[in-house]
Amino acid sequence: MSYNPIPDYHLHSLFSGDCETPIADIINAAKKAGLTSLCLTDHNDLDHPPLPDGTDFNLDFDKYFPALVKLKEELGNGTSEMLSPGETFDYRIGIEQGVMPTTCEKLMNFSADHPELDFIICSTHFVEELDPYYPDFWEDKEPESAYRKYFEEMLYTVEHFKDYCVYGHLDYIFRYGPGPKREAEINVRKYMDVIEAILREIISSGKGIEINTGSLYRGMDYAHPHIEILKLYKELGGEILTFGSDAHDNIHLGYSFSDAAKLAKSLGFKYYCTYSQLKPTFVTLP
């Protein structure tokens, strides 16, 4: 078993509308994969429009937070049935906030209302209240205009919403655009003007971004964000970096983190971050 010291900070469980994986399965799979820490970040997309398949991305807070607080305590003090005698597991409580321009103000004080949280991902899943995951999104759309609109709405979000730690899968829309999911098919430089503005706002706000390897097992040949975006983030002074698999199962935990860490180091990054009570700790990349 290869030891992977980088904790997975983007994971989903049965609390997410698009996932059925029990948390116990996630913890057990993490232990088998050599992980000693992770952060669960289930979906919460406030006020999202009805989806074609009926998926509901509104998180049940009354069940989610009590269950995770109890789990964190048991894993931390070694009383969980998932642990061997004398064993502990470093478990952190997170959430993935799907934020739209229309919900920035409503979500601004979320962490104050939920002091249990260690970590918040802010993500853009909807563009003009439509999710590019669904083929209907792309009907009668010119892809380049759709990509630009996605980043323009993201820019509005980072300018008006600050209650988060890192921005998730920054170029999520590329994952589902029409045509082959090949790096050469996407000229990310076409959108670098607005992407640069996004990154500058993220950095000046004391936030970070993630390297999301979920794209690698979804048919793409690079982790989010595109290497050109990651390079620019570093050049602009970005330092806060987390790693997430975006796994919705117990198979892809920590997926390709070793390669992702090598990429980050090749671009000059020296650290990754963990979070406790929304505050980062910088850890040297392996």
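Strand S3 (119-123) is mostly covered, with 5 of its 5 residues buried; buried means under 20% relative accessible area, exposed over 50% and partly exposed in between, with a 1.4 Å probe and protein chains only. Helices (H or I, at least four residues) and strands (E, at least two) are DSSP runs, numbered from the N terminus. The model is predicted: local features need pLDDT of at least 70, side-chain atom pairs count only at pLDDT 80 or more, and totals for chains, interfaces and linings use all residues. Residues are numbered from 1 along each chain as its sequence is written, and side-chain values use heavy atoms, with hydrogens and water left out.

Within S3, Phe119, Ile121 and Ser123 point one way, while Ile120 and Cys122 point the other way, and all are buried. S3 pairs with strand S2 (residues 90-98) in the parallel sense over 5 bridges; two strands pair if DSSP finds at least two bridges between them. Here Gln97 stands opposite Cys122 in S3. S3 also pairs with S4, again in the parallel sense, over 2 bridges, and Ile121 stands opposite Val166 in S4.

S2 itself is mostly covered, since 8 of its 9 residues are buried. S1 and S2 run parallel and are joined by 8 bridges, with Cys39 opposite Arg92 in S2. Helix H1 (residues 23-32) has as its buried residues Ile23, Ile26, Ile27, Ala29, Ala30 and Lys31. The cover over these residues includes strand S1 (37-44), H2 and S2. Gly34, with a positive phi near 90°, follows H1.

The interior can be described by its nonpolar cores. A nonpolar core is a set of buried Ala, Val, Leu, Ile, Met, Phe, Trp, Tyr and Cys residues joined through side-chain atoms within 4.5 Å. The largest has 86 residues, and Tyr91, Leu170 and Phe243 have the most contacts inside it. H4 gives the most to this core, with 7 residues. Leaving out residues up to four places away in sequence, Tyr91 touches Ile27, Leu38, Leu40, Leu68, Leu71, Lys72 and Leu75, where contact means heavy atoms within 4.5 Å. Another core, of 5 residues, lies apart from the largest one and has Leu51, Phe57, Met100 and Tyr134 among its members.

Aromatic rings come next. The structure holds 24 aromatic pairs. Rings of Phe, Tyr and Trp (its six-membered ring) pair if their centres lie within 6.5 Å; planes under 30 degrees apart count as stacked, over 60 as edge-to-face and the rest as tilted. Tyr133 and Tyr176 form an edge-to-face pair, at 5.2 Å centre to centre and 85° between the planes. Tyr133 lies in the loop between S3 and helix H4 (143-160), and Tyr176 in the loop between strand S4 (166-167) and helix H5 (192-204), so the pair ties together parts that are 43 residues apart in sequence. Tyr133 is partly exposed, at a relative accessible area of 44%, whereas Tyr176 counts as buried at 19% relative accessibility.

The pair of Phe161 and Tyr164 is stacked, because the ring centres are 6.0 Å apart and the planes are at 10°. Both Phe161 and Tyr164 are buried. Lys207 lies over the face of Tyr164, at 5.5 Å from the ring centre. A charge sits over a ring if NZ of Lys or CZ of Arg is within 6 Å of the ring centre and within 35 degrees of the ring normal. Lys234 lies over the face of Phe269, at 5.7 Å from the ring centre. One aromatic cluster is formed by Phe137, Trp138, Tyr147, Tyr150, Phe151, Phe174 and Tyr191.

Two loop residues remain. Thr213 lies in the loop between strand S5 (208-212) and helix H6 (227-235), and Thr213 is buried, with a relative accessible area of 0%. The side chain of Thr213 reaches the backbone oxygen of Tyr255 at 2.8 Å. A polar contact is a pair of N or O atoms within 3.5 Å; within protein, one must be able to donate a hydrogen and the other to accept it, and residues adjacent in sequence count only if both atoms are side-chain atoms. Apart from neighbours within four places in sequence, the residues in contact with Thr213 are Ala223, Gly244, Ser245, Tyr255, Ser256, Phe257 and Ala260. Ser80 is in the loop between helix H2 (61-77) and S2 and is buried, at 7% relative accessible area. The Ser80 side chain reaches the backbone nitrogen of Met82 at 3.1 Å.
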